[in-house]
Amino acid sequence: MPASSGRACTKPVPHCDDSQQAPGRLGSVNVLGIESSCDETGVALVSVAASADGDHALPVLRAQGLHTQAAMHEAYGGVVPELASRDHIRRLLPLTRQVLADAGATLAELDLIAYTRGPGLAGALLVGAGAAVALATALGRPALGVHHLEGHLLSPFLAADPPQFPFVALLVSGGHTQLMRVDDVGRYTLLGETVDDAAGEAFDKTAKLLGLGYPGGPALARLASRGDPRAFALPRPLLHSGDLDFSFSGLKTAVWTQLRKLGESPTATQRADLAASTQAAIVDVLVAKSIRALQASGLRRLVVAGGVGANCELRRRLDEATTARGCRVHYPEPALCTDNGAMIALAGAMRAQRGLVRLHCDGAFDVRPRWPLDQIEDA
Ligand code: KG4
Ligand code: ZN
């Protein structure tokens, strides 16, 4: 599908054209956000008030709905893309109705429909993008394709204690592990990333080796809470590499080797110890590299986003390490760590606030299953 050239909407968002609007002097905007990049269908309504004083008013989450497909995919040990797409089709419209009802809002009040344009599963993305653009076209409102990782990265702005720019962001999801310097919305500099598996993948793959369910991260964390993190000496890949890159694929192999040494039926204690030791290895590297990124950039604020950001041990260790160095760490609300529609609506709202949107209203759209965050403005 071609990218849109963007003709005028019947009701343009007040600040959809940055050539005409100065940032910070915007009308109030209601943004519906639709997330469907993987195995969660998320819909949310976020509003940003008009800002007369030139400051960006903080966005408010008015309602959100989420359907997780975890139970559906569990039998297969991972996400089945075709099943994911079909389920998004089933869930999206009922969720949208529910969110509007919960917010006491009507379709007519929507100013902008934001959807996840990528990265993610192509079929799943197409469901959300198709629904969002159809809705926008029917309402005569603009649609905006949002970068999924930008959604994660900005999600702490919906927390009670939001960060201020600039900050270092540790993005830890199922598919990405990156450290970014964030100067403002859309101004991202990649500092380091994984050269192979993501941290979330390391949790998921270890969980699978231990026979835990899908998704593996929360299950491994639960088992780890009963184990001894010093029981097994597992590698901390690239810990002393001097750069800000990560590598987690060797860890999975080390866990596999340990498991084989334990024989056919490891005891409950051995399994918990192995889970705790794996979690400690992942957390050690994430904490050390985050601190190094703060030191290298001279910044004092860290934002942690993405599913692994829900991990309690990671939070405890990051809190400890940042406090000891006079730095602050900001997290999204726990419910907004994993995929959700609120972060997509929020990213749409914050982009609209700053006039950073290429809105389109001609019903055309595309999705970008692979889309590096530092190329966000390229397409
Ligand atoms: O951000 P997310 O919901 O989806 C992607 O965009 O990938 O992240 C999902 C990842 C999965 O790998 C999942 O196992 C992991 O986040 N995860 C956790 C926890 N909750 C979710 N990993 C460790 N501890 C958790 N509590
Ligand atoms: Zn995600």
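Strand 1 (residues 29-35) and strand 2 (residues 40-48) of this predicted model pair in the antiparallel sense through seven bridges. Two strands count as paired if DSSP finds at least two bridges between them. Strands (E, at least two residues) and helices (H or I, at least four) are DSSP runs, numbered from the N terminus. Glutamate 35 has glycine 42, in strand 2, as its bridge partner.

The open sheet is built from five strands in the order 3-2-1-4-5, with mixed pairing. Strand 3 (60-68) and strand 5 (143-147) are its edges, each pairing on one side only. From one strand to the next, the twist averages 20 degrees. Angles run from 0 to 180 degrees between N-to-C directions, with axes fitted as lines to C-alpha atoms, for helices over the stretch in contact.

Two helices meet these strands. Helix 3 (residues 122-139) packs on the sheet and touches strand 1, strand 4 (112-118) and strand 5. Contact means heavy atoms within 4.5 Å. The direction of helix 3 makes about 160 degrees with that of strand 4. Helix 10 lies across strands 1, 2, 3, 4 and 5, and runs at about 35 degrees to strand 2.

The zinc ion (ligand 2) has His148 (NE2), His152 (NE2) and Asp339 (OD) as its protein donors, 2.0 to 2.1 Å away. Donors are N, O and S atoms within 2.8 Å of the metal (3.2 Å for Na, K and Ca); water is not among the atoms, so sites may look incomplete. Along the chain, the donors follow the spacing H-x3-H-x186-D. Histidine 152 sits in helix 4 (residues 148-154), and aspartate 339 in the loop between strand 10 (328-330) and helix 10 (341-353). The pair links distant parts of the chain, 187 residues apart. Both residues are buried, meaning under 20% relative accessible area; exposed is over 50% and partly exposed in between (1.4 Å probe, protein chains only).

The structure holds zero disulfides, defined as pairs of cysteine sulfur atoms within 2.5 Å. The cysteine sulfur closest to that of cysteine 312 belongs to cysteine 337, at 9.7 Å, too far for a bond. Cysteine 312 is exposed at 64% relative accessibility, whereas cysteine 327 is buried at 13%.

Residues are numbered from 1 along each chain as its sequence is written, while chains are lettered from A and ligands numbered from 1 in the order in which they are written. Local features need pLDDT of at least 70 and side-chain atom pairs 80 or more, totals for chains, interfaces and linings use all residues, and side-chain values use heavy atoms, without hydrogens and water.
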